[in-house]
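Thanks for making the time, everyone. I would like to walk through a few local details of one model, so please bring it up on your screens.

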Amino acid sequence: MFARSSVHYGASLAVVGAFLIKPSQISNEPKRRFYEDESDVIPVPGTITPSPGTEIEALGPNKLVDGISVRSTSTLESYFRAIRESAVQGINSVQHYMNQGYTKYNETERQVTDTMAELHYKPEDLLPSTLYIVIATMSGNIMARQRGLIAKTTFPLVLGLASFRYFLPQTFNNVSGFVWNLEKRALPDLAEQQQLALAKADQFVQGVEKSSQRNQKRLEDSANSLRKSIAQVTGLNIDEEVSKK
C-alpha cells in the first residue's frame, strides 16, 4: 500500500514538473499595444492638443454666464438678438392694439350710457311705459299677420311709435331730436331732402287750412246774405228768438 501511494505522488510531481519546464507562450509574446489602430486619428483642437488662436477667436470672446464659460460668435448673437427683438416688438404691438380696443370699447359704452341717460326724461316712468310700447308693437304684428309685407312692416312700426309718443312724450321728443341730429351729421344730403319735404308738407297744410278758412268764411257770408234776403222779402225777423208759449 505504501508503494502504491509513493507511485501516485511520484506521477503527480512528474506532471507538475513537465508543466513548469514547458515554455509559456504568453510570456514570450511581445508587449501588446491597444491604441495602434488610433495612431492615424487627428485629434480635435482643444481636446488633446491646444487649439490655435485663430480658432479660439472665431468662437468669440469668453463670457461667464451664471458661473459657466460661454463662447458665441457675433453672427449668432446678432441672429438671436434679431429674433428676440422681433418677438418682443410683436408682443408689444398686440398689447398696444388690445389696449386701444379696450379703451375704445369703454369710451363707446360710456357715451351710450350717458346718451341714454340724457334722452330719458326722468319724471316719466320707464318700466310700465316700455311694456305698453312692446304690447302695442306686438299688437300691430298680430293685426298684420294675414296681410302683405308692407302691412307687416308698417303696422308694428306705426303702433310702436304712436304708443311711444303717447306714453313717453318728452322722451320721444328727445329721441327724435337725437336721431335728427345724428342723421344730419351722418347723411346731410338725405336730411336736407327730408327738411325740404317737411317744409313743402307744412306749406301744403297751411295752404289747405287757409283755403278751408276762406271757404268757411264764404259760406258764412253766403248764409248771412241769404238770410237777409229772406227777411227782406218775407218781412220776418229771422234773428229774433222764437218765444215760448
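Before the first pair of helices, a word on the geometry: axes here are lines fitted to C-alpha atoms, for helices over the stretch in contact, and the angles run from 0 to 180 degrees between N-to-C directions. Please also keep in mind that this is a predicted model.

With that in place, helix α4, residues 74–119, and helix α7, residues 169–186, have axes that come within 9 Å and cross at roughly 135°. Angles over 145 degrees would count as roughly antiparallel and 65 to 115 as roughly perpendicular, and α4 and α7 are therefore oblique to each other. On the α4 side the contact involves Thr 115, Glu 118 and Leu 119, which meet Thr 171, Asn 174, Val 175 and Phe 178 in α7. By class, that contact has three nonpolar, three polar and one charged residues.

Let me turn to His 120, which sits in the loop between α4 and α5, the latter being residues 126–143. Is His 120 buried or exposed? With a relative accessible area of 19%, His 120 is buried, given that the cut-off for buried is under 20%. Its side chain reaches the backbone oxygen of Glu 124 at 2.9 Å, and, leaving aside residues up to four places away in sequence, His 120 touches Leu 126 and Thr 171.

Finally, helix α6 covers residues 149–167, and its 19 residues reach 28 Å from the first C-alpha to the last, close to the 27 Å expected at 1.5 Å a residue. Its buried residues are Ala 151, Pro 156, Gly 160, Ser 163 and Phe 164, and what covers them includes α5 and α7.

Terms used: Residues numbered from 1 in each chain as written. Predicted model: local features only at pLDDT ≥ 70, side-chain atom pairs only at ≥ 80, totals over all residues. Heavy atoms only, no water. Helix = DSSP H or I, 4+ residues; strand = E, 2+ residues; numbered from the N terminus. Parallel < 35°, antiparallel > 145°, perpendicular 65-115°, else oblique. Contact = heavy atoms within 4.5 Å. Nonpolar A, V, L, I, M, F, W, Y, C, P; charged D, E, K, R; others polar. Buried < 20%, exposed > 50% of the residue type's maximum accessible area, 1.4 Å probe, protein only. Polar contact = N/O pair within 3.5 Å; in protein donor to acceptor, adjacent residues only side chain to side chain. Expected span 1.5 Å × (residues − 1).
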